[in-house]
Each structure stands twice: as structure tokens, then as C-alpha cells.
Amino acid sequence: MRMICKPVCACFCALVLSLPATAQLTLDECQRLAEENYPLVGKYELISLSTAYTVSNADKGYFPQLSFTAQAAWQTDVPVLPGALTQTLTQQGDTYRGLKKDQYKVALDLNQTVWDGGAIRAQKEIDSTEGKVAEAETDVDMYAVRRQVNQLFFGLLLIDQKMQVNQATRALLLSNSAKLEAMEANGVAMQSDVDAVRAEYLEAEQQLAELASMKESYRSMLSLFIGKDVSEPLQKPAPALAGPGKNLRPELALFDARSVQADARQKLLRSGVMPRVNLFAQGYYGYPGMDYFHDMFSRDWTFNAQVGIRLNWTISNLYTYRNSKRKIDLTRRQIENSREVFLFNNRLQAIQDESDIGRFRKVMTADDEIVALRTSIREAAEAKLSNGIIDVNNLLREITREKQARLQRSSHEVEWLLALYELKHTTNR
């Protein structure tokens, strides 16, 4: 079966491998949309609200503490007057019944912190630093999303360029098929030559179908990340070099937040060995009251109150203070060790990224020359085929070699761009 020939508007050498200038979707826009759409972004608001509530609760430790109690009790013994005094009172006609063994009280207690050794302030710092640590951990998780978007974006970009090379290859095969059909009609070419070109064209069609399936997979994943259907073409990003300066990876901010949290915990530990000073007041209505002598003659409930200042010092906290302080010091050392390990591995990754950038740059310097030479050789093979000097298999071999050279050129360029953005991601500069 003969292949239907179509007019070819441009030759293979005029192929433009770069994406169209009308591309709308950029890498920066994908990164922005991914950060807005990724479900983890909602965690920031939850952390902020939780921290605000916790700090507010700790701050209320300075408020007066009120408690209401109601009590009914029975005891085995109560204070009594000496026997001689009781006899004298009886002789005078006074009714002496003594205190009842069942007692009742409805009381309201008030405690006001005057000085707590800095415990409330330290607890507020801990609550605040816990929120900052949680936010820093979320920053680290969100930053990892950027690399996933990079991989998907550049993977999709590479597939697009491979499809363009495939399209140009098919156009070239159609062009040569038209020539061979004309030559066969004139008796200077065989049907097998036309069939060989058609077979190569069908293989290119198969490759295009595979690329289209892969593109759809990448497009679906990128669409899921950014919360938007990736229907428009991608814009090839400009080369981005990581500038000089301080490493700004979010992991370093996380280590800083954990160090600050350890400092806050030490302040709370120190406050635990300090004395507490409180003002207190108690008022209660019940029986017996504070005047036991009166209540020995009267069983009526009375109002009673007392106010004062109280010093409380829990000496036993000193027993564990030293070991607790050592544990906090160990936590600091673990944080610093984790920081050193991260910086070491990060520097190794940066060296690898820089090596990849240099390697792809060197390879790309020869790519253009290789493509030009392969194009020249293929054009010469086409001319030789027209003159009957070589067979169609030699032409197809040169077409394949030119296609591979162009694919390598496209792959090296995209891989070079990806390596540049990988280095930028590694250092966040």
C-alpha cells in the first residue's frame, strides 16, 4: 500500500527546536500556583491559630485564679474547753454545747501571682517557638514541592521538543517518500524502497504515540500540582545561575528555630527552681467559723475571710535540675550536628550540580556543529539517492543519525537548564 503524499512547507534543517514565543505558562507561574494549591499550605493558618490560642492561654497565668468549693465533713474529735471552765460556765447558767463533729463550708478562694520565677514568660516563649518550629517544618515540606514541579516542568518541556523533532522527521520522510514514488513511477526506484521509507515513517508514528502518552501523564501530574489544566504550551525558562551569598535553604531556618526553642526550654527549667510569691484571699460561709469559742455556744453559720501573701519554694526541683540542663545541652549539640550534616550533604549536591552544568555546557558546544554536519550529510545522501548513487537504506541511516543528533541537542539543552535550576534549588540563592 502506497503512502499518500502531502505538500511539505519546510525542510528539516529549518526546524526550530525552541518553544513558541506565544507560550504562556512559565516555570515561575507553576511554582507560584503549586505553592497556593498544595494542600499543605492550609497548615500555616492552623499553626498560626493554634499558637495564638496556646500563647493566649499561657498569658492568662497572670490573671487572678478563682476557685469555688463546697465541703461537708465529719471528724472524730473537735476542740473542747477545759473541764473546770465548762463547769463554771454551767454554774453561771450559760448553755455550752461544744463544737459539732460535722462541719460545712462554702468557700471562694483567690490567688494572684506576684512572682513565679519567670515560668509564665518562659512557657509563652516555648509555645511561640513551637509554632515557629512547626512553620519552619512546613516550609521545608513546601520547598520540596518546588523540586517536584521543576522535574515535571522540564520533563514536559523535553517531551515537547522530542515531539517537534519527531514531527520534522516525519515531514522529511514524507518528502523523500514523494520523491521515491515519482522515481518508481519513472522506473528508477523499486517498491521496496518506498516500503522502507513507509516503515520508517510508521515507526516515527509509534514513537509519537509513546511521546503523546508520556506527555499526557506529565501534563496530568503538573496540572494536579498547580491546580490548573496545563493546556497552553510551556515557555522555556531563561538560564538561571545561583548567585553568590548565604545559603538560604529553609532547613537552616528550621535548625535556628529549634535552637531558639531549646533556649526557651532552659529558661522554663531555670524558673522551676525559683520560689513563687502569691497573694491570696479566702472567704467562706459555714460552720464552724474562725471563732471556735463563739461556735461552741452557737451552731449558726457565719461569714469568714482571710487575706495574705504566700511564699512557695519547691526545693526538690533542684534534684533533677543539673541532669535536665544537660539534656537540653545535648539537644543543642544534636541540632548543630544535624545542621553540619545538612550543610555537608548540601555542599556535595551543589558540587554535583555544578559538575553537571559544566558537563552539559561542554557537550552543547559540539552539538550544533554535529547537527550541522549530520544535516549536510543527509542532504548529500538525498542528492545521491536522486542520482542513483546510494540506496534508500543509506539515506534512512543518515536521517536517523540526524534525528539522534537533534534529539541529543534538545536533551542536552533541557538537562543543562534543569541542572541550573537544580543548583538554584540546592542553595536557594
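F225 is buried, with a relative accessible area of 17%; buried means under 20% relative accessible area, exposed over 50% and partly exposed in between (1.4 Å probe, protein chains only). The model is predicted: local features need pLDDT of at least 70, side-chain atom pairs count only at pLDDT 80 or more, and totals for chains, interfaces and linings use all residues. Residues are numbered from 1 along each chain as its sequence is written, and side-chain values use heavy atoms, with hydrogens and water left out.

**Aromatic pairs**

- Across the whole structure, a search finds seven aromatic pairs; rings of Phe, Tyr and Trp (its six-membered ring) pair if their centres lie within 6.5 Å, and planes under 30 degrees apart count as stacked, over 60 as edge-to-face and the rest as tilted.
- One of these pairs, Y38 with F225, is stacked, at 6.3 Å centre to centre and 5 degrees between the planes.
- Because Y38 lies in the loop between α1 (27-37) and α2 (42-59) while F225 belongs to helix α5 (residues 191-226), the pair ties together parts 187 residues apart in sequence; helices (H or I, at least four residues) and strands (E, at least two) are DSSP runs, numbered from the N terminus.
- Y38 counts as partly exposed, at 28% relative accessibility.
- F153 and F154 form an edge-to-face pair, since their ring centres are 5.9 Å apart and their planes stand at 80 degrees; both residues are buried.

**Aromatic cluster**

- Y104, Y285, W301 and F303 together form one aromatic cluster.

**Charges over rings**

- The charged end of K105 sits over the ring of Y284, 4.5 Å from its centre; a charge sits over a ring if NZ of Lys or CZ of Arg is within 6 Å of the ring centre and within 35 degrees of the ring normal.
- R310 lies over the face of F280, 4.2 Å from the ring centre.
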